[in-house]
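I opened this model to look up salt bridges, strand pairing and helix packing. My notes follow in the order I took them.

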Amino acid sequence: MRRIVVVGASLAGVHAAEALRERDYDGELTLVSAEARLPYDRPPISKELLLGTMESEQLLLRPESWYHERGVELRLGAAARGLDPAARTIALADGSELAYDGLILATGSTARRLPAVPDGPTVHVLRDLDHALALRPALQPGKHLVVIGGGFIGLEVAGVARRLGLDVTLVENSPIPLVRAFGSDTGDWYRRLHERNGVQFVHECAIDSIGTNRGGTVLGLSDGSAITGDIVVAGIGSIPSIDWLAGSGVALSGGVLCTPDLATSAPGVVAAGDIARWHNPIFGQEMRVEHWSNAVDQGRHAAATLLGDRSPFASVPYFWTDQHDTKMRFVGRAAGATDTRVELISDDKLVVTYGRDGVLIGAVCVGAPRQLAKYKVAIQNRVPWEDAAESQLASTV
């Protein structure tokens with residue numbers, strides 16, 4: 001294997017390249033990116049970058065010299081447009097082709113868009129650095145921001161905008177934010193947090209139309225009412241960037257289907273990060289995870305698989321979100337939970353656990369970092385639901 005290509009200069013892609021060199025791979029190594037920028041960290045773009053406490057150059061995952069020192073060829077601004085696994089070639093948007101012996105797919109996700117919400121000078125999505133840099137100067141004190149979607153991106157932007165002195169209205173088609181992901185207890189806690197900080201909610205409404213008038217951007221809602229804002233941010237989730245693989249023969253199903261070691265259906269091709277769908281033995285289910293720590297770990301594991309280590313990838317997912325003056329840390333899974341229990345709740349603290357089939361599978365921890373570490377171990381060890389509840393409750397009093 002003398003030529004390895006990593007498609008996607010994402011967190012997973014950069015860590016895959018790093019792991020290849022750490023494992024003494026000394027052949028040709030090319031990192032392909034659709035963006036013209038050096039690879040950068042994404043979580044700060046919806047928080048510190050918008051607040052102005054961090055600048056774009058501080059987001060770089062590695063300095064440019066790092067790639068040169070390790071012999072990593074960068075192909076920036078060259079999106080992948082097709083894959084031929086039989087010929088082992090990748091077609092790029094600039095018309096060129098890359099040959100490979102081994103290939104790592106790490107193209108991440110793109111922002112989901114509503115047909116009724118076109119991009120424009122007052123309508124934004126937030127997924128990459130260019131999106132954030134376009135949005136930041138618009139967030140001026142006294143302006144009215146309308147956020148579409150009560151997921152993490154929407155709530156983080158709402159929190160930042162309030163700190164910057166904007167009026168904020170959040171439109172959500174669910175009765176409370178985050179209810180689909182974490183249930184009503186966690187969702188209601190976050191609704192009250194945002195309301196205490198001045199965010200106005202419009203619940204159980206979808207966007208039917210969008211237009212402009214002299215007062216700004218007008219959003220027509222499904223209940224017949226309308227909201228006018230100076231700025232609109234559509235934060236309605238993301239989708240895996242796999243369109244370019246259609247027709248390649250690589251098995252796809254809401255992501256790239258992988259074996260337990262992250263190999264794909266194509267020989268010499270592995271996948272990592274947001275696009276990888278694999279069977280996680282800790283939970284006994286197939287999953288696709290869009291979290292920072294998962295991207296790091298999977299990138300490194302995919303590199304090892306490509307070099308011959310065929311051990312399965314098993315992990316307890318972890319992520320965090322900063323909203324107003326709080327940090328949520330979540331470990332495990334809430335999807336598919338049949339049991340939910342509030343372990344601790346106050347205005348500044350929240351601990352909610354999730355179980356399935358008599359086993360602890362997930363935990364939300366706000367203002368309780370020590371509990372998080374204990375829950376992670378309990379989830380990994382498949383501790384029974386009732387036993388985990390008793391031990392954790394005892395440790396919090």
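Entry 1, terms. I take helices as DSSP runs of H or I with at least four residues, numbered from the N terminus. The model is a predicted one, and I kept that in mind throughout.

I began with the total, and the structure holds 23 salt bridges. I then went to helix 6, which spans residues 179-196. Arg 191 and Asp 188 both sit in this helix, three residues apart, about one turn. They form a salt bridge, and I noted 2.5 Å between their closest N and O atoms. Asp 188 also meets Arg 192 in a salt bridge, at 3.2 Å from N to O. Here the two residues are four apart in helix 6, again about one helical turn.

Arg 191 has a relative accessibility of 18%, and it counts as buried because the cut-off for buried is under 20%. Asp 188 is partly exposed at 25%. Arg 192 is partly exposed too, at 26%.

Ala 181 is found in helix 6 and is partly exposed, with 38% relative accessibility. I asked which distance separates the C-alpha atoms of Ala 181 and Ala 335. I found 6.8 Å, although the two residues are 154 apart along the chain.

Entry 4, a salt bridge between sequence neighbours. Glu 69 pairs with Arg 70 in a salt bridge, and their closest N and O atoms are 3.4 Å apart. Is Glu 69 buried or exposed? I found Glu 69 exposed, with a relative accessible area of 62%. Arg 70 is partly exposed at 33%.

Two packed helices are described by the angle between their axes and the distance between the axes, so I looked up both. Helix 1 (residues 11-22) and helix 7 (residues 292-306) pack at about 35°, and their axes are 7 Å apart. The crossing of helix 1 and helix 7 is right-handed. On the helix 1 side, the residues in contact include Leu 11, His 15, Glu 18 and Glu 22. On the helix 7 side, I noted Trp 292, Val 296, Gly 299 and Arg 300 among them. By class, the contact of helix 1 with helix 7 has nine nonpolar, two polar and three charged residues.

Entry 6, strand 23. I next looked up strand 23, residues 326-332. Five of its seven residues are buried, so strand 23 is largely enclosed by the rest of the structure. Which strands pair with strand 23? Strand 22 (residues 318-323) runs antiparallel to strand 23, and six bridges join them. Within this pair, Phe 319 stands opposite Phe 330 of strand 23. Strand 22 and strand 23 form a hairpin with two residues between them. I checked the turn and found that His 324 has a positive phi of about 55°.

Strand 26 (residues 359-366) also pairs with strand 23, in the antiparallel sense and over five bridges. The bridge partner of Arg 329 in strand 26 is Cys 365.

Key: Residues are numbered from 1 along each chain as its sequence is written. This is a predicted model: local features need pLDDT of at least 70, side-chain atom pairs count only at pLDDT 80 or more; totals for chains, interfaces and linings use all residues. Side-chain values use heavy atoms; hydrogens and water are left out. A salt bridge is a side-chain nitrogen of Lys or Arg within 4 Å of a carboxyl oxygen of Asp or Glu. Buried means under 20% relative accessible area, exposed over 50%, partly exposed in between (1.4 Å probe, protein chains only). Two strands pair if DSSP finds at least two bridges between them. Axes are lines fitted to C-alpha atoms, for helices over the stretch in contact, and angles run from 0 to 180 degrees between N-to-C directions. A crossing is left-handed if the near helix is turned anticlockwise from the far one by less than a right angle, and right-handed if clockwise. Contact means heavy atoms within 4.5 Å. Ala, Val, Leu, Ile, Met, Phe, Trp, Tyr, Cys and Pro count as nonpolar, Asp, Glu, Lys and Arg as charged, and the others, Gly among them, as polar.
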